[in-house]
Amino acid sequence: MLSKKTKYAIKALVALGKNTGNPPMQIVRLAEQEMIPRKFLEQILLDMRNAGYLYSKKGAGGGYSLNKEPGDIYLADILRITDGPIAMVPCASLKFYRKCDECHDEVTCGIRKTFIDVRDATLKVLAQTSIADVIARETDESIVQ
């Protein structure tokens, strides 16, 4: 399940992506507009800024704006920043690999093989979906699930 932190990060990046070309967006406005608790949003935006995705300006006319184009910010990267591994089991993770304590043989483990397939399918979607894609989907009525 997607954590609130990741969902809020994506919502904030989408709002900032829509704000491209305008003055930086203040945290108070962003929090109210996206219904994200302000203190939680502050921490998320700090993480995104530290990862190079956001630019912040202090003082009058200050706030946050994207430091990259919305089409260059991918959901897989955001998920890894906010939640860590995409894989559901540590032995199937690409970036956060860890051997499972209870596993006898990774080479023949059916659970590991299954969750590598799950990871690959999930990663295919997340690594190819940008903030610009999410923005486009908000106005595309043909995509209804």
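This is a short walk through the structure shown above, from the whole chain down to a few single residues.

The model is a predicted one, so local features need pLDDT of at least 70 and side-chain atom pairs count only at pLDDT 80 or more, while totals for chains, interfaces and linings use all residues. Residues are numbered from 1 along each chain as its sequence is written, and side-chain values use heavy atoms, with hydrogens and water left out.

Let's start with the overall build. The protein chain has six helices and two strands, where helices (H or I, at least four residues) and strands (E, at least two) are DSSP runs numbered from the N terminus. Along the sequence, they follow the pattern α-α-α-β-β-α-α-α. Taken along the principal axes, the C-alpha atoms fill a box of roughly 60 × 35 × 25 Å. Of the 145 residues, 39% count as buried; buried means under 20% relative accessible area, exposed means over 50%, and partly exposed lies in between (1.4 Å probe, protein chains only).

The chain is divided into domain 1 (4-66) and domain 2 (75-129), with bounds that come from an automatic or database domain assignment. Their centres, taken over C-alpha atoms, are separated by 29 Å. Where the two meet, nine residues of domain 1 are in contact with seven residues of domain 2, contact being heavy atoms within 4.5 Å. About 670 Å² is buried between the domains, and carbon and sulfur atoms give 77% of that area. Buried area here is the accessible area (1.4 Å probe) that two parts lose on being put together, summed over both.

Next, have a look at the largest pocket. A pocket is an open set of points on a 1 Å grid over the protein atoms alone, where a 1.4 Å probe fits, with protein on both sides within 12 Å along at least five of seven lines; lining residues have an atom within 4 Å of a point. Its volume is about 190 Å³, that is, the space filled by probe spheres set on the points, with grid points joined across faces, edges and corners. Among the lining residues are Leu 2, Lys 7, Ile 10, Gln 33, Leu 75 and Glu 138. Two or more lining residues come from each of α1 (4-18), α2 and α6 (131-139), and α1 gives the largest share, six residues. By class, the lining has six nonpolar, one polar and five charged residues. In this scheme Ala, Val, Leu, Ile, Met, Phe, Trp, Tyr, Cys and Pro are nonpolar, Asp, Glu, Lys and Arg are charged, and the others, Gly among them, are polar.

Helix α2 (residues 27-34) also holds Leu 30. Is Leu 30 buried or exposed? Leu 30 counts as buried because its relative accessibility is 0%. Leaving aside residues up to four places away in sequence, Leu 30 touches Ala 12, Ala 15, Leu 16, Met 25, Leu 41 and Leu 45.

Met 35 sits in the loop between α2 and α3 (38-50). With a relative accessible area of 67%, Met 35 is exposed. Although Met 35 is not a glycine, it has a positive phi of about 55 degrees.

Finally, Asp 77 belongs to helix α4 (residues 75-83) and is partly exposed, at a relative accessible area of 29%. Asp 77 and Ala 127 are 50 residues apart in sequence, yet their C-alpha atoms are 7.5 Å apart in space.
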